[in-house]
Amino acid sequence: MALTTVVGLFTLLPLLLIALARLALLILGRRLISQTQDRRDILRALFKRDLDIGSTEDVVEVDNGWEKVGTQLDKSKQDEWSGIIGFFHPFCNAGGGGERVLWAAIEATQRKYPKAICAVYTGDHDIERDVA
């Protein structure tokens, strides 16, 4: 009897650990969301301001040889999704060659989610925004 109880407890232990890990990750996720809400609001406000003072010229969409692949979201949900997508690219003004890849990734993201805000996080604190 005692042996079957011990075996039963050992079979439930992995399930208990998985449930605890999910709970811990859920708590961590909610904490991160609540701590970064102000930053997301600032990014949205800056993006809206840039749209208000930005140019009104028409943008011509060029295919550039991009391959269209399937997606999990239907087209209407892609057009409506307006979240923030972050790209981490430290020291992107160093001229190491990754800038072209970065901008290609941003272009592909903007094509897929036209209302999304793309933010590039860098380590370049001394560079001006309007670098020519």
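Reader: What makes I85, F87, L102, I106, Y113 and A116 the largest nonpolar core?

Author: In this predicted model, the largest nonpolar core consists of six residues, namely I85, F87, L102, I106, Y113 and A116. They are called a core because such a set is made of buried residues of kinds such as Ala, Leu, Ile, Phe and Tyr, joined through side-chain atoms within 4.5 Å. Strand β1 and helix α3, which spans residues 99-112, are the elements that give two or more residues to this core. As a general background, nonpolar side chains in soluble globular proteins tend to be buried together.

Reader: Why are β1 and β2 said to pair?

Author: Two strands pair if at least two bridges are found between them, and five bridges join β1 to β2, so the two strands meet that condition. Strand β2 covers residues 117-121, and the two strands run parallel. Within β2, V120 is the bridge partner of F87.

Reader: Why is F10 called exposed?

Author: The relative accessible area of F10 is 58%, and because exposed means over 50%, F10 falls in that class. This residue lies in helix α1, which runs over residues 2-53. On the surface, F10 also belongs to a nonpolar patch with V6, L13, L16, L17, L20, L23, L26 and I27, and together they have about 870 Å² of accessible area.

Reader: How do you know that E107 forms a salt bridge with R111?

Author: The closest N and O atoms of E107 and R111 are 3.1 Å apart, and because a salt bridge requires a side-chain nitrogen of Lys or Arg within 4 Å of a carboxyl oxygen of Asp or Glu, the pair qualifies. By this rule the count comes to one salt bridge. Both residues lie in helix α3, four residues apart, which is about one turn of the helix.

Reader: Why are E107 and R111 called partly exposed?

Author: E107 has a relative accessible area of 27%, while R111 has 26%. Buried means under 20% and exposed means over 50%, so both values lie in between, and each residue is therefore partly exposed.

How values were computed: Residues are numbered from 1 along each chain as its sequence is written. This is a predicted model: local features need pLDDT of at least 70, side-chain atom pairs count only at pLDDT 80 or more; totals for chains, interfaces and linings use all residues. Side-chain values use heavy atoms; hydrogens and water are left out. Buried means under 20% relative accessible area, exposed over 50%, partly exposed in between (1.4 Å probe, protein chains only). Patches are made of residues with over 30% relative accessible area and no salt bridge: like charges are joined within 9 Å, nonpolar side chains (Val, Leu, Ile, Met, Phe, Trp, Tyr) within 5 Å. Accessible areas come from the Shrake-Rupley method with a 1.4 Å probe; for residues, only the protein chains shown count as cover.
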